[in-house]
Amino acid sequence: MAKTFFRLQKFLRRTQFLLFFLTAAYLMAGSLLLLQRTRLVIQQGSRGTPTNQALPVLEEMSRVGIIEPRTLQSPRPGLRLLVGMDALQEPALDQQHSPHWLLSRNSELRQLRRRWFHRLTSEQEPLQTAGFKAMKHTAEHKGTYMGCFTHDLRERTLKGAVFYDLRKMTVAHCQEACAERAYSYAGLAYGAECYCGNMLPAAATKPEECNSECKGEKGSVCGGVNRLSVYSVEQLRAGTRRRRNVIYRGCFRAPENLTDTFPASLIQPNLTVETCSEFCSKKEFPLAVIRGQECYCGYPTRQFSLHEGTDRLHCSGTRNASSSAGGEYCLVYQTPVQDTRCTDRKFLTTKSKVFVALSSFPGAGNTWARHLIEHATGYYTGSYYFDGALYNKGFKGEKDHWRSRRTICVKTHESGKTEIEMFDSAILLIRNPYKSLMAEFNRKYAGHLGYATDRNWKSKEWPDFVNSYASWWASHVLEWLKYGKRLLIVHYEDLKQSLIPKLKEMVEFLNVTVTEDRLLCVENNRDGNFKRSGAKQKNFEPFTQEMKDLINRYILTVDEALRGRNFSGLPREYVPR
């Protein structure tokens, strides 16, 4: 009995020691993890953005899904604005990284990690080869499946609009997008790319070569590598209103020789807008031009740039002014067809010798500027961060390493001396701080296209955001002026108002030669995929007088600094409210 009791006592002592050891190890591991996270966050906050050492870790975490892209794209503002304005106070560093903030951040990381693990396990399910044979082509799809065809990016058969969605592409989504733009065929490739056109590809191939599963629809085929799954969407078009996507561009003086200016034409008695637009859409032209009973199709060109419109009264010389015009004036309509003369993009074939930044404060229109630059030059732009939403919409440079030098320029919101001096030159994009702050606040709480709720604006987050980010808006410009080697200053408002002249300056700065017609194509596709509707917040005013006083002083400081470097000052609309 004593021997049994001794053994039990010995076992319990060992168990106690083991439990104590495991508890101590667990607490030490937790402490080290907390310290590591705290150091990572402070590295981000100390300069307002991730350091060189922290960036690769964050990029990799973003790519595998542990950290959302928004975390990388929204570095916290720095605290380095020293411009002799003692009255302007900023939140202290210990307040920005309080224990409460760290606890909420750790909770957020745990949730992100759970989502990442769930997504990782679901994505790693083996895809059975036999499963491709069972993939649907017609079930639940309204279009008619035409077959599998070869796909050459350099010489596309479906030359119309192009759409990307590397997470949610489906056959129905592609069909609807092409049908809405008046195309007859929709083709899918690589599981995530959608191409539209009005001519069926000539080179058919074996059905099994279209074996890429749609990213957003398991069991459905979305083409393959250099292969298109093509659907006819004529029946979808028949059920839609033909004029739904036809936009009136205005009344213009007709060019001297209409036949030379426009590649396709139609003469028909009682010509209507619907008839002309449908004719030009089938010919894959973005413009439908009407003069009397004559319909012409084409693009904006140097001979017909659509820059000098005239009063519509000049186009009302006949009984039906909405559909015809006579004499030396013509009516112009935008068809649903996309102008594709400038949509082809690629990576640089050789590494760029000049490392160029596209720098801006968040919310200043950097994504829009990238859209314009990519379409004007034909080359992808890179990014210091990674944003999955941008990558999914065709900004393929997002996943390319930002120092690869395979992109025409690199997006950055950085403003530290080290980060600035890494670049040989930079386009510095500046926007009215009032607009920038609202745009970034909207993006932070509702993504690229959404709006923050009234609750967000009325919470304490908004005044804290203004106090912190307003100084960053100013310090970002001041530090690029101080450390930038070669700068081109572009004001967002000037770019918006005078698109082609300002875009010419930017393209010349990047040492790329482009044609006038390509720039006109960019102008025809100026909005891109990330333009918020301005109707919701047109007259919205979230700034208090105290906020305005703070921002106005920063505006005056930046204006003075620009003039001190022999640049033009800020536009007049920046002037204090």
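Author: A contact means heavy atoms within 4.5 Å. Among contacts in the protein chain between residues at least 6 apart in sequence, 76% join residues at least 24 apart. The model is predicted, and local features need pLDDT of at least 70, side-chain atom pairs count only at pLDDT 80 or more, while totals for chains, interfaces and linings use all residues. Residues are numbered from 1 along each chain as its sequence is written, and side-chain values use heavy atoms, with hydrogens and water left out.

Reader: How many helices and strands are there in the protein chain?

Author: Helices (H or I, at least four residues) and strands (E, at least two) are DSSP runs, numbered from the N terminus. The protein chain has 20 helices and 18 strands.

Reader: In what order do the 6 strands of the open sheet stand?

Author: Strands of a sheet pair through backbone hydrogen bonds, either parallel or antiparallel. Two strands pair if DSSP finds at least two bridges between them. Here the order is 9-11-10-13-8-12, with antiparallel pairing. Strand 9 (264-267) and strand 12 (309-310) are at the edges with a single partner strand each, so one side of each lacks a neighbour in the sheet. Strand 8 (residues 247-253) is joined to strand 12 by 2 bridges, and C251 stands opposite T310 in strand 12.

Reader: At what angle do helix 14 and helix 20 pack?

Author: Two packed helices are described by the angle between their axes and the distance between the axes. Axes are lines fitted to C-alpha atoms, for helices over the stretch in contact, and angles run from 0 to 180 degrees between N-to-C directions. Helix 14 (residues 433-446) packs on helix 20 (residues 545-564) at about 120°, with the axes 10 Å apart. P433, Y434 and L437 of helix 14 meet K548, I551, N552 and I555 of helix 20.
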